[in-house]
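Please read the following note with the sequence and the model open beside it. The points are numbered so that each can be checked on its own.

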Amino acid sequence: MTSAPHLPIAPLATAAEQPRHPQRLRLRPKAPSTGHVDGAWWPRSRDLAAELPALLATLAVRLGDVLRVNYNLTEWDSAPRRVISGGRQIRLDGFYSRPADTVDVVAANRRRLTLLVVPSNTDPAAAHQTMMLAADRDNDQTVGDLLAAGVSVTAATQDTTNLTRIALAGWEAEGGRIPQQVSRHTS
């Protein structure tokens, strides 16, 4: 009798319990859930095993013991099948069919949080705006709409800021008087 070949088992990644950096996470208030996500997470890299420890330590306060994290395989660098956090093994399940830009964090009591994942290379102002939109109690936008809205709101804010800088530069150039071009348009 022969057994099936055994695949080598990679060693478990051990999660450091102390976050190296402040957490970049926003959760919706505890309330009946509506919409597509329960909050947003802005990781610093595409290395899921390195990014999860701080996230799991923070989410344990709300969820209790976390057992599993589901993620989209195309969004992250390769990850181990399990990490250890809080003395427990956390299973990492990657799927190609999993919605992009999200992770599901599943607790032992079967509670689940679906988080929007703001890409790590996102401009900080856009990332902050996206996270705030996703964490809004009344948010019912899709993942794609949230990512687009964060960028567009930030772009509009930057445009306004740039116009203000241009106007102030003209004002200072005129010795504190309103420049002629501006005063004609504002009359």
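Leaving aside its neighbours within four places in sequence, which residues is A135 in contact with? The answer comes in point 7, after the setting has been described.

1. Basis of the note. This is a predicted model, in which local features need pLDDT of at least 70 and side-chain atom pairs count only at pLDDT 80 or more, while totals for chains, interfaces and linings use all residues. Residues are numbered from 1 along each chain as its sequence is written, and side-chain values use heavy atoms, with hydrogens and water left out.

2. Overall layout. The chain holds four helices and eight strands, where helices (H or I, at least four residues) and strands (E, at least two) are DSSP runs numbered from the N terminus. Their order along the sequence is β-β-β-α-β-β-β-β-β-α-α-α. Of the 187 residues, 32% are buried; buried means under 20% relative accessible area, exposed over 50%, and partly exposed in between, with a 1.4 Å probe and protein chains only. The accessible surface, about 11500 Å², belongs for 55% to carbon and sulfur atoms, the areas coming from the Shrake-Rupley method with a 1.4 Å probe, and for residues only the protein chains shown count as cover. Among contacts (heavy atoms within 4.5 Å) between residues at least 6 apart in sequence, 63% join residues at least 24 apart.

3. Strand β8 and its partners. Strand β8, residues 112-117, is mostly covered, with five of its six residues buried. Two strands pair if DSSP finds at least two bridges between them, and by that rule β8 pairs with β3 (residues 39-41) in the parallel sense over three bridges, and with β7 (residues 102-107) in the antiparallel sense over five bridges.

4. The hairpin and two positive phi values. Between β7 and β8, which form a hairpin, there are four residues. Most residues other than glycine have a negative phi, which makes two values worth checking. R110, in the loop between β7 and β8, has a positive phi near 75°, and D101, in the loop between β6 and β7, has a positive phi near 65°. As for cover, R110 is exposed because its relative accessible area is 75%, while D101, at 18% relative accessibility, counts as buried.

5. The nonpolar cores. A nonpolar core is here a set of buried Ala, Val, Leu, Ile, Met, Phe, Trp, Tyr and Cys residues joined through side-chain atoms within 4.5 Å. The largest has 21 residues, of which W41, L52, L56, L59 and V103 touch the most other members. The elements giving two or more residues to this core are α1 (48-63), β4 (66-72), β6 (88-95), β7 and β8, and α1 gives the most, with six residues. Apart from this core lies another, of 11 residues, among them V37, V118, V143 and L146. Leaving out residues up to four places away in sequence, V103 touches W41, V69, N70, Y71, W76, R98, L113, T114, L115 and V117.

6. Aromatic rings. Rings of Phe, Tyr and Trp (its six-membered ring) pair if their centres lie within 6.5 Å, and planes under 30 degrees apart count as stacked, over 60 as edge-to-face and the rest as tilted; the count by this rule is one aromatic pair. The pair is W41 with W76, stacked at 5.6 Å centre to centre with 25° between the planes. Because W41 lies in strand β3 and W76 in the loop between β4 and β5 (82-85), the pair ties together parts that are 35 residues apart in sequence. Both W41 and W76 are buried. Separately, R24 lies over the face of W42, at 3.5 Å from the ring centre, the criterion being NZ of Lys or CZ of Arg within 6 Å of the ring centre and within 35 degrees of the ring normal.

7. Helix α2. T130 lies in α2, residues 124-135, and counts as buried because its relative accessibility is 2%. Not counting residues up to four places away in sequence, T130 touches L116, V118, L146, L147, G150 and V151. A135 is also placed in helix α2 and, at 12% relative accessibility, counts as buried. To return to the opening question, A135 is in contact with R26, L27, R28 and P29, its neighbours within four places in sequence being left aside.
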